[in-house]
Structures are given as structure tokens and as C-alpha cells.
Amino acid sequence: MIYTVTFNPSLDYVMFLPTLNVGGVSRAEREVIFPGGKGINVAVVLERLGHACTALGFKAGYTGETILSMLRGHLPRVDFISLSQGQNRINVKIKSTQESDVNGRGPEVPAPYIENLLHKLNQLQPNDVLVLSGAVSAGVSSDVYARIVAQLQPRGVLCVVDAVGPLLKAALPFRPFLIKPNAAELAHLFGVTISNEEELLQYARKAQEQGAQNVLVSCAENGALLLTEQGQVLRAPAVTLTGPVVNSVGAGDSMVAGFLAGWLHTHRYDVALQWAVAAGGACVMNEWLPEKKDILAFIPQEKTA
């Protein structure tokens, strides 16, 4: 079974505007609302690719109930812990001549609720997969992902960490199965500037030296680079899009889901990388998250068998 954790779920209110008039009034041509949060996105795409997934996380207030309601039909297994106070956040995504995001803060998660989550995670079994994605809620320690990976990785749970800064850095010594920074996040992790592929590979190796088993670096229009636990360096170009770019939100999460689907299907890292790039590319042509057919359209037939 695959599990994802979303500490800070959201409602994503997406507004499409011809122009954004900063400091004045702008009028949207249309709006859509989606359930959001990186772990939720990973879970939805994995379900669409045929892999049973349980989404864990925290819900609060009216917005929390709305998130759950909107996930029905997409995720049959949602096991969120109810917080006694606060509201899940609303993120505003503005699609105009440029993309602009205003992300809400979300509720605080007191320590007893974190212990409740850790108790649930204690039930995971060897060869289960756990995806820890995104920022944590207000009041949650930046070592929480490290605590979870330290607890589960030695028991044979494959832990994926898709986070930035201290959350990721603290988890590295406990040997997560996969991390997925983009190039800017990898540079931020080590406090450097990365200007070419040689430096990208250098710092991917450094992340591996610090504990990550596999390092998947997303590079936008330049595709992706994968440094495997065997030391292989695999590269995949970005897919050639068959339609306009509609939305970049969720592309990285789709990559994580695609990687896991490809790897679980074949246990081949070259296939996993191909699926990751295909899922990320398919995502940007959708208003929300890609369907299975969108992803398979970018994968050579021999890598879907």
C-alpha cells in the first residue's frame, strides 16, 4: 500500500484573468476550485495510475470538510485527523500573463495530534511506500519528517521526501528512498548557486552522500536527472507538449507519483524516470491533475507493458 501525508491541505481557488492590475481592480474571466496539498496531489495521480493509496493528513473547520467532500470520487481512502480549532487554508492561484500564488497559512497542529499521526504511521508494513510532501503546519517542528523516516525506514518502509530546506536536510541522514528537489531547491539545500548540469550532478551526489538513496532532480523544460542508489546517472528530456501550458501547480507532485508508479510496475529506474517526466509534462496541460491516458500518451509502449 502507498500512503501520503499532507500536513497542510488546502482549497486551491484558481482565477483566470486576462491581466492582473496590481493595486487596482481585476476581474476574472472564470474560476475553478480544487482540493490542494502536495501529498493529496501525489495520492490522486497514483490512484489514477491504478495504485491504491491512502491519504493521511489533518483537516480543520468548514474548509477541511469541503476538501474531504471534493476528494470523494478521486480518493477512496482518506484518513485525515480532525483538528479541534482553525480552518484549512485557501490558496489563491492567479493565472494571467504570469502565474501568481497567494498561499494561506493554515491551522496550527498541536503536539498530541502529531503523536496521533505517528501512531497511525506505526501500522505501516515492510514494502509499504510513504510519501512526505510539502511544508508542515504552523507549530510543527522542522524535524518531523526526520522523525518519521527514522522510525519507518529501518522497518522496510520506502520513504519519499519531497520538501525543502530544514525539513529535507534533517531527513537525509535517515536514508529516504527518494528525494525530489528541483534545481533551485537543490541549490538552496546547500546554500549555493547551480549554473550547469555538472554542478547539478555534484550537489545531487552530495545529497546522496548525506543519506538519500535516490535523487530525482526536476529541471522544468530541461527534463529531469536521476542519480540512483547504484550510482547510475540517468537523464530524460522534457516531453514535447501537445497542447498549451495551462497550470504548473502539481507538476512536481505528478512527477513523484509517476516515478513511483513506474518503479513499482517494473523496478527499473530508467522506466521510473520516464514515467516521472511523462506525468509532470501531462500535468501542465491540465487545469488540475493529469488522467492516466494523458500520462501514458508520453510513455513509449514498451515502458507501459
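The following dialogue sets features of a predicted model against the definitions that name them.

Guide: Residues are numbered from 1 along each chain as its sequence is written. In this predicted model, local features need pLDDT of at least 70 and side-chain atom pairs count only at pLDDT 80 or more, while totals for chains, interfaces and linings use all residues; side-chain values use heavy atoms, with hydrogens and water left out.

Visitor: Why is H8 called roughly antiparallel to H9?

Guide: Helix H8 (residues 251–266) and helix H9 (residues 269–283) pack at an angle of about 150°, their axes 7 Å apart. Axes are lines fitted to C-alpha atoms, for helices over the stretch in contact, and angles run from 0 to 180 degrees between N-to-C directions. Angles under 35 degrees count as roughly parallel, over 145 as roughly antiparallel, 65 to 115 as roughly perpendicular and the rest as oblique. The angle of about 150° therefore makes H8 roughly antiparallel to H9.

Visitor: What makes the contact of H8 with H9, by residue class?

Guide: Contact means heavy atoms within 4.5 Å. Among the residues involved are Met 255, Phe 259 and Trp 263 of H8 and Leu 273, Trp 275 and Val 277 of H9. Ala, Val, Leu, Ile, Met, Phe, Trp, Tyr, Cys and Pro count as nonpolar, Asp, Glu, Lys and Arg as charged, and the others, Gly among them, as polar. On that basis the contact divides into 14 nonpolar, five polar and no charged residues.

Visitor: How do you know whether Arg 175 and His 267 are buried, partly exposed or exposed?

Guide: Buried means under 20% relative accessible area, exposed over 50%, and partly exposed in between, with a 1.4 Å probe and protein chains only. Arg 175, in the loop between helix H5 (165–171) and strand S10 (178–179), has 43% relative accessibility and so counts as partly exposed. His 267, in the loop between H8 and H9, has 52% and is therefore exposed. Each has a positive phi without being glycine: about 60° for Arg 175 and near 55° for His 267.

Visitor: What makes S3 and S7 the edges of their sheet?

Guide: Two strands pair if DSSP finds at least two bridges between them. The open sheet has four strands in the order S3-S2-S6-S7, with mixed pairing. Strand S3 (30–36) and strand S7 (99–102) each have a single partner strand, so one side of each is left without a neighbour in the sheet. Within the sheet, seven bridges join strand S2 (residues 10–16) to strand S6 (residues 89–95), which run parallel.

Visitor: How do you know that S12 pairs with S11 and S13?

Guide: Four bridges join strand S11 (residues 214–218) to S12, and the two run antiparallel. Another four join S12 to strand S13 (residues 233–236), again antiparallel.
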